[in-house]
Amino acid sequence: MFQFLSRCNMALRRVLALAAAPGRRSSSSKPSLAPDFVEALRAVVGAPNVSTATAVREQHGHDESMHPCAPPDVVVWPQAVGQVQELAALCHRHRVPMVPFGTGTGLEGGVNAVQGGVCFDLSRMDAIAELSLEDFSVTVEPGVTRKALNKHLRGTGLWFPVDPGADASLCGMAATGASGTNAVRYGTMRPNVLNLRVVLPDGRLLHTAGAGRQPRKRAAGYDLTSLFVGSEGTLGFLTQATLRLHPLPEATAVTIASFPSVGAAVACTVQVLQAAVPVARIEFLDEVMADACGRFSGMGLPVAATLLLELHGSRRSLAEQQQQTEEIVRQNGGSGLAWAEGLEEREQLWAMRHNAWYAALALRPGCQGYCTDVCVPISRLPDVVVETKQDLQASSLTGPMVGHVGDGNFHCILVFNSQDPEEAQHIHAFTQRLGRRALAAGGTCTGEHGVGLGKRALLQEELGPEGLDTLRSIKAALDPHNLMNPGKVL
């Protein structure tokens, strides 16, 4: 979600580098690896696939988050799993940190090389290795993005529905546990990953469900696949993913409904889910965001709390779902229902939604943005959203709200003046209150963006000492020298 965040100036990144790792490298840090070691890297992948150029290192030293650029000492582009193994073994022997890099569209500083080392850019490993239409599965390398995969699937009747917004790497999406607008119907990355090929920190190769296996379910031993999904590059390199595919729906319909209050819109969401309407997407915009999106897109939405609902099914079942949805919307004071079933009209509505980040920034031209990512149980969603709205108003912050409320996940896009340290501190304080509000409601500090650099303190509160100790034990067992993406998560 919101993977298209604009690059922020260094002053802003420093202000918002929450709980930054000690010894953080600055963007001006010079490479510190021995020339012989760099030559050894070149011997593995070839000189054209190794770079110590400042511009290249800085490009790989940050994602789309607010965290300061922390460049690696060198960037390498392996093109085969064997090369990843050799490079990892070399770094392991010399105790050099390693950082995986996909497309750089993350939101929590996950690719920042806070301790320097070698950045493994896996974008040139871009094969779609195996497609099984009968098994509804596909195996991809880390350079394959979600849009490239769905383009490859055209004409098959299948698609991969997990959509975080950006054209992200599929293995990167697995590494961060990504989700998006379709998660309420099709799930997040975790249930959609059947197997992973992982290069461990010392260069050994692991198939998390066994080599060549892709069962729809399994109860054989520990769930290693789920362990690596969401590990954020701290346990190994995801060099191949076997993914679950889904049939394209026969018919699709989208509608927009306006509500008298934020509470009414969110209550409607809960009731739609309780009524077992098989909704595919149910997205929330508060009145500030609805106004911003309406003006930015030229669609002229009512200035009111808004839901965008999408239904998938057969043509016969869709009519029944639409009627059921309309009844629940009206019971909650909703209005303005008009169903769009044509492809062009549906794409126009979702383009408006996907441009919410830019619409929010347009509220304060010249300012920057920061996106939160809490997720709470559905039963607590109305209270938490209303309390957060009240907190925004009391704090006098510009923070339009948007979210995948069908699974309890919502975001505040906080737009503020990067030249005003006091306002930036208010943003920091608000994000901490919001994170703790979600935890108090039985939720999580991050629903889809990951922990990275900025949410480590909240993770400690979320898991408690025993949970955190268990994570540390797992990390120590797989990466005893703390070489894989150090400074992240823990």
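Colleague: Hi! What should I know about the model before we start?
Modeller: The model is predicted, so local features need pLDDT of at least 70 and side-chain atom pairs count only at pLDDT 80 or more, while totals for chains, interfaces and linings use all residues. Residues are numbered from 1 along each chain as its sequence is written, and side-chain values use heavy atoms, with hydrogens and water left out.

Colleague: Okay, how many salt bridges does the structure hold?
Modeller: There are 19, where a salt bridge is a side-chain nitrogen of Lys or Arg within 4 Å of a carboxyl oxygen of Asp or Glu.

Colleague: Which residue does Lys389 meet in a salt bridge?
Modeller: Lys389 meets Asp286, at 2.8 Å from N to O. Lys389 lies in helix α15 (residues 381-395) and Asp286 in the loop between β13 (279-285) and α11 (287-297), so the pair ties together parts 103 residues apart in sequence. Helices (H or I, at least four residues) and strands (E, at least two) are DSSP runs, numbered from the N terminus.

Colleague: Are those two buried or exposed?
Modeller: Both Lys389 and Asp286 are buried. Buried means under 20% relative accessible area, exposed over 50%, and partly exposed in between (1.4 Å probe, protein chains only).

Colleague: And which residue does Asp391 pair with?
Modeller: Asp391 forms a salt bridge with Arg437, with the closest N and O atoms 2.8 Å apart. That pair links α15 with helix α16 (residues 421-440), across 46 residues. Asp391 is buried at 10% relative accessible area, and Arg437 is buried too, at 16%.

Colleague: New topic: how do α16 and α17 pack?
Modeller: α16 and helix α17 (residues 456-478) pack at about 15°, with axes 11 Å apart. Axes are lines fitted to C-alpha atoms, for helices over the stretch in contact, and angles run from 0 to 180 degrees between N-to-C directions. The two helices are therefore roughly parallel, as angles under 35 degrees count that way.

Colleague: Which residues meet there?
Modeller: Gln432, Gly435, Arg436 and Leu439 in α16 meet Leu458, Glu461 and Glu462 in α17, contact meaning heavy atoms within 4.5 Å.

How values were computed: Angles under 35 degrees count as roughly parallel, over 145 as roughly antiparallel, 65 to 115 as roughly perpendicular and the rest as oblique.
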